[in-house]
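Reader: Please show me the structure, then let me ask about it.

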Amino acid sequence: MITTALTDLWYGFGVALQPHNLLWCFVGVFVGNLVGVLPGMGVMSAISILMPLTFGMNHVSALLMLAGIYYGAQYGGAICSILLNLPCHPPHAVTCLDGYPLTKMGRGGSALGITMLASFVGASFGITMMVFFAPVLVKVALEFGPAEICALMLLGLLVGSTLARGSPLKGIAMTLLGLILGMVGTDVNTGAARFTFGIHELYDGIEIIALALGLFGIAEFIKSVNAVKPVDISGAGVRLRDMRPSREELRAAGWPILRGTLIGSLCSLIPGTGPTIASFVSYATEKRISKTPERFGHGAIEGVACPEASTHSAVQGDFIPTMSLGIPGDAVMALLLGALIIQGITPGPLLMSEHPDLFWGLIASFWIGNIMLMVLNVPLIGLWIRMLRIPYGILYPSALFFICIGVYSTNGSLFQVAATLVIGLFGYALLRLDFHPAPILLGFVLGPRFEEDFRRAMILSRGDLTVFVERPISAVFLAMSVALVGLQLYAAWRASRTTPPSADFHERIDNLASPITAEEP
Amino acid sequence: MKRILACVLTAVLAVAGGGASAAETFPSRSVTVVVPFAPGGPTDSAGRIVARGLERVVGQTVVVENVGGAGSTLGAGRVAGSTPDGYTLLLATSSALVIAPHLYRNLRYDTFKSFTPIGMITEAPFILLVNKDAPYKTLAELIAWGKANPGKLNYATPGVGTVQHLSLERIFGATGLTGAHVPFKGSAPTLTALMAGEVDVVIETPNGALPMIQGERLRPLAVTGAKRLPALPDLPTLAETGVNVEARSWFALLAPAGTPAPALTRLQAALQDALKDEDTVKAMRAAGFEPEPLGPAALEALVAREYDGFARVIKEKNISLGAPG
């Protein structure tokens, strides 16, 4: 199997290295990279805008370019998250948590360096999986029915319940708020509208990009405006030498990158579980297994490396079910298949054998595209860092402008722009009250999948709850969930016996390193 | 100062001039076709192919905008509430026009009052599919299996109140089968669930079903049209198997009511031309659609007929939104 895969891959490189394919692949990743840096400008809108351009193209070039936009955008997406606390794409929201504190500590450059490394490793792993194991992995993917997905989401929610820094109670409250926000919209099982208050724009639910940009980007802006002096970023203006992550940082990032990669690959196989869920789950896992979880949220390099690796391996892995079965895993994949249909190519289980040039050319182009992205981005890190030297009064208003444009472009509705601003104000209030917004996003991302698949599993089992224990994969996830809660309770019990209850412990940690309270007038 | 004034005046005149010419030659800017389903499904494919065909005929960009949700009523509502200038059109399916009015309260449109027909694009029967390893190889065997195991079958649909849902209800009703309805978000995940063996029965349009049949991932049992499909000549129709149900999906292009007559006439002619265009026909066939152009009058009659038909089914089967399954 391995030798045929290698022969096919060799053939794929032959296709991808043809000058016109190479050119379009470059155009794709370049545009994707740009789109990634612009806040709110989504991959979906970029692909839809450029799709008409592909009509005149050969079908291989068309697919290589459109796919390039998708994974290229992920490279750009981390940059603003780390430097400006601005999650341009939902998967990178979680990168803000540690990336931005790192920037404030003057280590934004090395955070970007680690990000690029993590991205490349994650993507490479995703591609390798696709080359050698696509047929096997598709079988694994089909094993994930409603019960399995539901159990996995439950595990994700439990692992992530301590995503926030500070008070665990506040963290749980925020997760619950996220779950409620995720319920807004039309219920899949009955068609009933929930929490829409008669506002028709809410029938589609709250846009995740509006929530991410509002809670992180805009809330942070308002906070900075209110501060007596702007955040000191002079330390962030680093030389090229400082951008190279130190050996120590590389060592700290090594395992997290691998763990993130594995979680990302797993998530990519499960239909409808894209990079966003992957990056949140991997961050939460990393924090959970870390020996020093209190460092997370205050500039832990692992907190950047792990979710980024996860995002990128999920993005590449996303193509596996889509290309092997011809059934799109998410909306972006659907759009790519749609482009193929318009080219007169019918995606389906036979795509791989009927159009080997397309399939293997695409995979080969992934490698080429990722290398191009590294070459494009690593020298640019210095340039991005310099962006922080732009005076505050110019940088943030223009970022705000780009946010509005980007959110508007997502589905052409002014309602979403207003929603982003309102959520931003709300996020600011939360920051002032010392509630951290990350768990809201976690609940929002995982909750709807949990509910939808729970109810689907209940219909299929005719209301019999034992289905979750009878199915092995779901039973394993449930056992892990139970173990997690058990360990937590045990730890709490031991802590209450051995040491006097330190109510102010979290508070102290917060005050030590959190700039949120430190900077206020 | 004079130069600034001159610039401003020129700009104003240019804008005014643009407005005047817009009224004369429709369309003078890009046209949006709202596809009321998520990208990637059959409606989306058809919409994009037709948009491309229209683009060639009218010489302006035709953008597809996906506004999915609530059984396609959101997209339909969006178009019904848009300015009736011919620049926002709806790619309608039976869901929004002939089913939703019987299921949804407070719809933001009325099938007959909110829209003006431009024309029919295509119609297609459904293919009844089962898992490739299922014990039943024909429809008769499926019915026998279902009767031996009452209530055991699960049928997946793209959502409550979709044509697939109601048609499957009719098929189950006519054959005496019983089972549970498992709604998904769109048709793509129903195929994955069928392939994985999570559910037992799905009906899907030929464009989505044929690749899965050719790839031997799913097994077809019957076609729901009046005659057999040219692509699958051995596959019997429901009627041939003694099940007296006919179900089809269709795609039509509509404009909001009140669209000015010149724009409407232009669009009606453009659609007919686009559907005769060789490249469009080729693209449609490749995607599994057969162009079935129908004029506005014939379309209106079909809508009226199906509107009453579905009203009966929904009443008989007592289907409503907000109730489980």
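The questions below go from confidence to the interface and its salt bridges.

Author: This is a predicted model, in which local features need pLDDT of at least 70, side-chain atom pairs count only at pLDDT 80 or more, and totals for chains, interfaces and linings use all residues. Residues are numbered from 1 along each chain as its sequence is written, chains are lettered from A and ligands numbered from 1 in the order in which they are written, and side-chain values use heavy atoms, with hydrogens and water left out.

Reader: Which element of chain B has the lowest mean pLDDT?

Author: pLDDT is the predictor's confidence in each residue, from 0 to 100. Chain B averages 84. Its elements (DSSP runs numbered from the N terminus: helices, H or I, at least four residues; strands, E, at least two) reach their highest mean, 95, in strand S5 (residues 127-131) of chain B, and the lowest, 47, belongs to helix H1 (residues 2-24) of chain B.

Reader: How many contacts does the stretch 9-23 of chain B have beyond near neighbours in sequence?

Author: Over these residues of chain B the pLDDT is below 50. Contact means heavy atoms within 4.5 Å. Beyond near neighbours in sequence, the count in the model is one.

Reader: What area is buried between chain A and chain B?

Author: The contact takes 37 residues from chain A and 44 residues from chain B. Buried area is the accessible area (1.4 Å probe) that two parts lose on being put together, summed over both. Carbon and sulfur atoms give 64% of a total of about 3,600 Å².

Reader: Is B:Glu198 buried or exposed?

Author: A:Arg471 forms a salt bridge with B:Glu198, the closest N and O atoms being 2.8 Å apart; the term means a side-chain nitrogen of Lys or Arg within 4 Å of a carboxyl oxygen of Asp or Glu. Buried means under 20% relative accessible area, exposed over 50%, partly exposed in between (1.4 Å probe, protein chains only). A:Arg471 has 25% and counts as partly exposed. With a relative accessible area of 12%, B:Glu198 is buried.

Reader: How many residues apart in sequence are the parts that A:Arg194 and A:Glu451 tie together?

Author: These two residues form a salt bridge, with the closest N and O atoms 2.8 Å apart. Both A:Arg194 and A:Glu451 are buried. A:Arg194 lies in strand S2 (residues 193-194) of chain A and A:Glu451 in helix H20 of chain A, so the separation of the parts is 257 residues.
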